[in-house]
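Keep the viewer open as you read.

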Protein chains: 2
Amino acid sequence: MAIGGNERAAKAALEWLSENEAASVQRLIDWLSIPSISTDPAYKVEVKRAAVWCAEQLKEAGFKEVEVCATGESGSAGGEGHPIVLAHSPGSADYKGPHVLFYGHYDVQPVDPIELWESPPFQPVIREAEKDGPGRRIVARGAVDDKGQVMMFLEALRAVRAATDKVGGGVKFTVMIEGEEESGSVNLDRFVREKRAALKDCDVCLISDTGMLARGKPAITYGVRGLAYTEVTLHGQNQDLHSGMWGGRVMNPNLAMAKVLSRLHDDQNRVTIPGFYDKVVALSPDERKAWDALKFDQGEALKKIGLPAASDWGEKGFSPLEREWARPTAEINGIWGGYTGPGAKTVIPSHSNAKVSFRLVADQDPEEITRKFFDWFTKTAAEVAPGFRAECKDLHGGLGVTLPTDSVHLQAARRAISRACGTEPALIKTGGSIPVAGLLKRELGISTIFMGFGLDDDRVHSPNEKFELECFRMGCKSHAMFMDELTRL
Amino acid sequence: MAIGGNERAAKAALEWLSENEAASVQRLIDWLSIPSISTDPAYKVEVKRAAVWCAEQLKEAGFKEVEVCATGESGSAGGEGHPIVLAHSPGSADYKGPHVLFYGHYDVQPVDPIELWESPPFQPVIREAEKDGPGRRIVARGAVDDKGQVMMFLEALRAVRAATDKVGGGVKFTVMIEGEEESGSVNLDRFVREKRAALKDCDVCLISDTGMLARGKPAITYGVRGLAYTEVTLHGQNQDLHSGMWGGRVMNPNLAMAKVLSRLHDDQNRVTIPGFYDKVVALSPDERKAWDALKFDQGEALKKIGLPAASDWGEKGFSPLEREWARPTAEINGIWGGYTGPGAKTVIPSHSNAKVSFRLVADQDPEEITRKFFDWFTKTAAEVAPGFRAECKDLHGGLGVTLPTDSVHLQAARRAISRACGTEPALIKTGGSIPVAGLLKRELGISTIFMGFGLDDDRVHSPNEKFELECFRMGCKSHAMFMDELTRL
């Protein structure tokens with residue numbers, strides 16, 4: 001894999017990956033065994049352990065400059081943030097390609113509801129392929145989001161080094177792997193600003209945290225949605241009340257919350273917040289046509305999660321794919337108020353709560369959307385429950401990003417995947433959010449290539465999260481070939 | 001307090017209560033220190049302890065037949081119920097009055113939200129009177145509901161025995177004090193049927209679990225509302241989903257729940273369940289006039305719980321008192337679904353839950369109302385979220401009861417309170433539910449006198465529950481005088 005391309009070295013890298021797959025998977029299992037839940041302060045030590053583990057991998061891949069960097073005072077873990085692994089490899093002297101910033105995250109989502117896991121979330125197991133079901137796979141929290149996907153990059157580094165004797169095959173890499181992606185990347189902004197000197201000459205970012213079009217159909221994602229995440233509380237009377245003595249004399253905060261949130265969408269399932277759609281860009285006829293050609297089967301997708309076709313739901317006038325990739329949405333991620341334990345308690349609670357988040361597209365700004373939602377919530381609550389007090393908390397947000405499909409870096413990734421998988425990748429978008437892409441665009445002016453190998457049914461953020469080994473394999477090879485393609489630019 | 005009335009003995013009983021008040025309060029403190037939370041299986045042993053404590057009091061009051069009776073297999077504590085204290089005193093040979101069944105409960109509500117308690121709920125404290133606020137009072141879970149009120153009866157028993165040397169002053173008493181009132185009295189029906197032989201010749205029931213009209217204004221309650229308590233769950237897809245990948249493609253069960261429950265009331269705040277009002281009886285002009293004369297101040301009541309007058313809410317066309325005493329209501333006692341922990345989780349949960357209860361009046365039957373609600377919920381859910389599954393659980397229910405105000409027993413209670421408190425009691429109703437009254441009417445054919453001394457701001461079922469000592473004092477005296485009045489019948 002010399003400059004200009006060396007087919008023999010490229011082949012050797014692919015062979016190395018095949019021959020060493022068992023060891024690669026074992027390394028992933030080791031990492032997945034560390035419960036690095038970033039949102040819960042109880043796991044702080046484990047999160048750090050996952051960072052140190054990752055830094056060791058980079059050292060073994062030949063990186064000389066590897067740092068586990070502490071992060072700022074306002075971290076999600078109460079007082080101090082989770083560390084960011086920052087590593088640099090200068091590339092070969094004769095390397096002429098782009099300086100690539102690889103970004104990933106080693107933290108994971110909480111595991112609840114824990115009772116629905118078939119095996120403990122941090123004791124990874126390999127399950128065999130099922131007839132007409134998922135293929136051979138590794139099951140654990142973080143299997144695909146994002147440890148498994150970062151591992152494809154780490155194993156590709158090992159492979160190309162074995163094949164070329166050069167760190168990263170000679171590519172100039174900066175690696176930044178954070179531990180707060182699942183809790184809003186609250187310290188990343190400041191970190192990127194503080195490390196601007198180290199990051200400023202990066203040309204392009206590579207992120208492996210997205211999905212394929214379908215099993216066996218790789219894809220490059222050229223757009224992600226933004227996110228605005230909030231928590232709202234409706235405060236009624238200053239104490240819990242007996243529902244017998246007060247029922248019929250005061251508004252129940254749970255009822256008020258239900259009434260307010262029931263107005264979040266109109267009868268077309270459009271979000272009713274004034275100005276919500278102001279900066280949404282209409283789909284171009286070409287884009288609509290290209291997406292229609294992907295023949296996405298919503299009925300099949302619903303079937304996999306146990307719902308009939310009649311359960312298809314979303315903004316009217318758009319296809320399911322358009323609704324996920326190009327339209328903003330509002331979700332009630334959590335709701336709670338009053339007595340929720342076993343048995344009965346005849347209470348009218350003093351307050352009711354909800355976690356409400358928005359997926360954003362095009363130029364929708366998270367702060368602006370959050371502000372507009374808070375205005376709407378406060379105003380609607382005043383209508384529904386006069387005298388009640390609305391409390392609104394902005395938990396975090398991130399910009400959505402869309403990349404030009406004709407970028408030379410994206411095209412290099414496209415060729416790499418073609419070579420590795422023997423099939424042309426689809427160009428798709430995702431409804432998920434990778435706020436770091438928006439941050440890097442804003443702070444460093446660089447674009448991001450999303451080269452991910454997850455599947456729609458990987459149970460991301462859910463019990464029994466999995467990553468299929470065939471996907472892992474395609475991802476390792478594609479990342480190795482991408483390193484080769486970069487040396488040819 | 002001999003048969004036919006003995007003013008000297010009556011006076012001696014009142015004096016005994018005054019002189020021994022400190023000891024009476026200390027006994028109450030001892031009882032309140034036992035955390036007898038019936039709905040939570042973790043407190044099973046404590047509940048039993050509270051029963052045994054109560055049985056000891058009855059023995060000390062001279063009752064010879066005192067039993068702590070085990071209750072049936074389907075108890076709320078998983079497999080076996082909490083005990084019922086059953087005691088009997090045959091009365092004097094020359095007693096000609098009614099055989100009185102005294103009913104109370106020694107179990108208490110859960111304490112959450114525990115963080116709002118100013119002192120630990122099971123470490124009772126005496127707080128001094130506040131200027132323009134509550135009087136000197138005992139603060140603890142169960143202070144007024146119902147240990148403190150049962151204690152008035154127990155102390156009256158001590159007083160009249162001291163004054164007359166007769167158990168209960170010579171009145172024929174059966175005492176039944178249960179431990180599952182706060183968790184639906186699930187074993188009481190069977191218990192009453194099993195003990196029919198012991199209970200069948202009771203003439204009237206006395207319950208002390210209600211409130212006064214206001215501070216210093218005693219009352220007899222001649223009607224209570226019924227209750228139907230349910231738990232409903234909306235099941236959507238068979239797993240939690242990532243709100244990015246699925247937001248805009250499936251209905252969120254939390255949103256579906258909010259939409260369904262937002263339809264529970266119409267724009268007149270009437271419950272929309274078909275047939276809900278079928279058996280509700282309209283207020284008579286006389287009743288409306290009598291209640292208006294009580295000059296209940298809803299604005300003042302709202303102010304005490306921190307709400308402006310504008311927060312007055314309920315079925316339109318009825319006064320606040322009418323809404324509480326004579327109209328049925330629907331409440332969302334609890335709601336929960338999705339991620340409710342600290343921080344953010346971008347999830348679309350697989351299901352959402354609510355505890356929904358109804359206060360019933362007149363001839364509304366709990367089972368019938370529950371059935372109608374489940375039909376409505378299932379149908380509305382199908383409209384709001386096609387393909388979702390509604391799961392409905394009937395937790396418990398009880399009939400409402402209204403008594404004739406010209407009953408000789410009620411009139412005896414009226415005279416007793418007049419003598420004890422120096423003021424005529426008001427005849428009122430309550431919006432709360434005491435299902436045992438409906439049960440006793442149905443099973444034994446007897447009516448109930450509700451003679452309670454709670455206040456509207458006693459924080460029943462809430463943090464910092466209290467019972468004012470002046471109320472306790474009036475209650476002890478009124479119960480002693482009632483024993484005297486009974487001997488005169």
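Two residues are in contact if their C-beta atoms, placed from the backbone, lie within 7 Å. Among contacts in chain A between residues at least 6 apart in sequence, 80% join residues at least 24 apart. This is a predicted model, in which local features need pLDDT of at least 70, side-chain atom pairs count only at pLDDT 80 or more, and totals for chains, interfaces and linings use all residues. Residues are numbered from 1 along each chain as its sequence is written, while chains are lettered from A and ligands numbered from 1 in the order in which they are written.

Start with chain A as a whole. It holds 15 helices and 19 strands (DSSP runs numbered from the N terminus: helices are H or I with at least four residues, strands are E with at least two). Its C-alpha trace spans about 80 × 50 × 50 Å along the principal axes. The radius of gyration, taken over C-alpha atoms, is judged against a globule rule of 2.2 Å times the number of residues to the power 0.38. For 489 residues a compact globule would come near 23 Å, and chain A has 24 Å, which agrees. Of these 489 residues, 59% are buried (20 or more other C-beta atoms, placed from the backbone, within 10 Å of a residue's own).

Now bring in chain B. Two copies of a chain are related by a rotation about an axis and a shift along it. Here a rotation of 180° with 0.0 Å of shift superposes chain A on chain B, with an RMSD of 0.0 Å. The two copies are thus related as by a two-fold rotation axis.

Next, helix packing. In chain A, helix 13 (residues 408–421) and helix 15 (residues 469–488) pack at about 130°, their axes 8 Å apart. Axes are lines fitted to C-alpha atoms over the stretch in contact, and angles run from 0 to 180 degrees between N-to-C directions. Helix 13 of chain A and helix 15 of chain A are therefore oblique to each other (under 35 degrees is roughly parallel, over 145 roughly antiparallel, 65 to 115 roughly perpendicular, the rest oblique). Among the residues that meet are A:Ala412 and A:Ala416 in helix 13 of chain A, and A:Met481 and A:Phe482 in helix 15 of chain A.

Conventions
A residue is buried if 20 or more other C-beta atoms lie within 10 Å of its own, exposed if 12 or fewer, and partly exposed in between; C-beta atoms are placed from the backbone. Copies are superposed by least squares on the C-alpha atoms of residues with pLDDT of at least 70 in both.
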